Amino acid sequence: MGFLRAMLRNPGAAAGLVILLLVVLMAATAPLLFPFSPWDMQGMPFAPPGEDGFLLGSDSLGRDVAAGIAYGAPVSLLIGAVSTAAALLIGVVLGALAGYAGGWVDDAIMRFTEFFQTIPSFVLAVVLVAIFRPSLGSIVFSIAIVSWPPVARVVRAEFLSLRAREFVQAAEVLGRSRTAIIFREILPNALSPIIVLASLMVASAILLESALSFLGLGDPNRISWGFMIGAGRSVIRMAWWMSVFPGLAIFLTVLALNLVGEGLNDWLNPRLSRKRGVAA
């Protein structure tokens, strides 16, 4: 209830939450809204929006653009959520070890993290997907690999500031194991920035998946928003709706996730929110 009240007090966060819920609802009800495959030809090619029974028009093969957007929503959300969860798992574990252990362990993990950050994320994702062949699994793996370094750095910074606190020292005096101290004492107190970062990472993952699909590196068995934009780029002058509506779906979903992330930041960091209010 506290979360909902905080979201409703923030107009931007409330709008983002509504948009996100609508996208999730569309993804969940896609088979009911369009009881046919998005790959099937449903009518004449290049039908404009509103004609021949096509709400958002048809593509070059007579496929329903609206059905493609609806069936592409669960693909984007699934890849965004799973890849973010995998990146969080890697980043939290490595960042926690680096921040709590310090010394050569910290140096080794941070040098390993910096190695990944020196490589452009999109280029590395393209190479990994090309190596493992385009599929949902390879896309999730590639996005997770390029997304975990910022998580590790944030978690490390939080652990460095928390490991000297009294409750951590008390746990050490009581003889609790390092694993218990890391995951039961320090990590719960470092969750706020991780939660906010996770919401933004989902948006970044959706953008990255769309870019990969646009280049033809998406799962060939799953329709996605990026694939639809890529399919329509060569005929954008005569059939603008093939690229515009999937692009609008990506824009609204990413915008909603960023607005929700901002609302989470205000909810989890009320002092920062009050400072912004005073400054305004």
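**Exercise 1.** Starting from Glu-114, which at 29% relative accessibility counts as partly exposed, find the residue that its side chain meets in a salt bridge.

*Solution.* The model is predicted, with local features needing pLDDT of at least 70 and side-chain atom pairs counting only at pLDDT 80 or more, while totals for chains, interfaces and linings use all residues. Residues are numbered from 1 along each chain as its sequence is written, and side-chain values use heavy atoms, with hydrogens and water left out.

Begin with the terms: a salt bridge needs a side-chain nitrogen of Lys or Arg within 4 Å of a carboxyl oxygen of Asp or Glu, and buried stands for under 20% relative accessible area, exposed for over 50%, and partly exposed for what lies in between (1.4 Å probe, protein chains only). The partner is Arg-111, at 2.9 Å from N to O, and Arg-111 is partly exposed because its relative accessibility is 46%.

**Exercise 2.** Determine which helices hold Asp-106 and Arg-156, and whether each residue is buried or partly exposed.

*Solution.* First, the side chains of Asp-106 and Arg-156 form a salt bridge of 2.7 Å, N to O. Next, Asp-106 lies in helix 4 (residues 103-118) and Arg-156 in helix 6 (residues 136-162), so the pair, 50 residues apart, links distant parts of the chain, helices being DSSP runs of H or I with at least four residues, numbered from the N terminus. Finally, Asp-106 is buried at 9% relative accessibility, whereas Arg-156 is partly exposed at 23%.

**Exercise 3.** State how many salt bridges a search of the whole structure finds, and describe the one between Arg-63 and Asp-59.

*Solution.* The search gives 3 salt bridges. In the one joining Arg-63 to Asp-59, the closest N and O atoms are 2.7 Å apart, and both residues, Arg-63 and Asp-59, are buried.

Technical notes. Helices (H or I, at least four residues) and strands (E, at least two) are DSSP runs, numbered from the N terminus.
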